[in-house]
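Here is a short report on selected local features of one protein model. Look over the sequence and the fold first.

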Amino acid sequence: MSRRLRPDACSHQSPRRKPGDCDVVHLGRAMPPAIAAQSHGAPAYTLPMHCRLTILLLSIMATAFAAPPAEVATPPAEVARAPRQPRAKPLPIDMAVDSDLEIPPAATHHLGREIAQTMHYTGAPWLVRESRQREEDCRLLLEALAVKEGQRICDLGCGNGFYTLEIARRVGPEGIVYAVDIQPEMLRMVARQAADEGLMNVRPILGTFIDPRLPKGEVDLVLCVDVYHEFSHPEQMLARIRESLAEGGQLVLAEFRGEDPAVPIKPLHKMTKAQIRVELEPAGYRVAREFDRLPWQHLMFFEAGAGP
């Protein structure tokens, strides 16, 4: 027995629609109620056959002439990658300090000058600050040293290696740079960076307050950049440095100019030329030359003279 449907009923009626708002489906698409206009008691409007054929033909033509879909690049199964090079091991650090070594109490003053405290390793970023080249003209300082290939040079109080690494490049593989500091943390920074840059001619050495632990009679130049004024035992250090110098070797001090109030450094970390002479000449050094073209610093070269 067939069931008769009301003219306003629809088998695919949406639950949100009112009776009479049903759609008529043509060519697989739902026609909106505006096209499938219905009224109570009237059958739904159906397109004539020739219109349906026209729409079908247009759909087939649109599909035939449509642009093909863009090709998606298929990544290769596995992209060949260069093998990752293992990071070089840090250079070894000479930590063989005599544990029985007795170090006398540090003085607070030396020949009328107050001794400054050593900069802590946590202040190392200041050594590589962006403004340092502009303030100190580090490139000019390096040029003034006149470093030669094959030389043996000590960067005493090397910190994190700001000058150590550049000097190592200049002396070449036949030369040696002794990177000396009293803080192991600083030396670890130097050892790590020197290894990363392939500078195997750097020799990190843990010094003491009274001895840089350099080989005797072998060093061509000992460089102290803004370091000497922090020596807690200057007399002992100057004596050991003098012993390490090769024939014709030099000790070079770079110190912020104490005579110049325009240099924006605390007076405790500045020295005058007169004060430098007062302290080094009695220790057996004589001035070999001076370089006065740096923006903020004295650069004084000393040779070993007659012993005190």
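The model is predicted.

**Surface patch.** L101, I103, I182 and F209 make up a nonpolar patch on the surface. Together they have about 300 Å² of accessible area. I182 sits in the loop between β6 (176-181) and α5 (184-196). I182 counts as partly exposed because its relative accessibility is 31%, and the buried class ends under 20%.

**Buried arginine.** R129 is in the loop between β4 (113-114) and α2 (132-136). R129 has 14% relative accessibility, so this residue counts as buried. Its side chain makes a polar contact of 2.8 Å with the side chain of E136. With neighbours within four places in sequence left aside, R129 is in contact with E135 and E136.

**Helix face.** Which residues of α7 (residues 273-280) are buried? They are K273, Q275, I276, E279 and L280. These residues cover an arc of only 160° around the axis, so they lie on the same side of α7. An α-helix has 3.6 residues a turn, so residues three or four places apart point the same way.

Most residues other than glycine have a negative phi. Two exceptions are listed here.

| Residue | Phi | Loop |
|---|---|---|
| R213 | about 60° | between β7 (202-206) and β8 (219-225) |

A146 is partly exposed, with a relative accessible area of 40%.

Methods
Residues are numbered from 1 along each chain as its sequence is written. This is a predicted model: local features need pLDDT of at least 70, side-chain atom pairs count only at pLDDT 80 or more; totals for chains, interfaces and linings use all residues. Side-chain values use heavy atoms; hydrogens and water are left out. Patches are made of residues with over 30% relative accessible area and no salt bridge: like charges are joined within 9 Å, nonpolar side chains (Val, Leu, Ile, Met, Phe, Trp, Tyr) within 5 Å. Accessible areas come from the Shrake-Rupley method with a 1.4 Å probe; for residues, only the protein chains shown count as cover. A salt bridge is a side-chain nitrogen of Lys or Arg within 4 Å of a carboxyl oxygen of Asp or Glu. Helices (H or I, at least four residues) and strands (E, at least two) are DSSP runs, numbered from the N terminus. Buried means under 20% relative accessible area, exposed over 50%, partly exposed in between (1.4 Å probe, protein chains only). A polar contact is a pair of N or O atoms within 3.5 Å; within protein, one must be able to donate a hydrogen and the other to accept it, and residues adjacent in sequence count only if both atoms are side-chain atoms. Contact means heavy atoms within 4.5 Å. The arc is that of the directions from the helix axis to the C-beta atoms.
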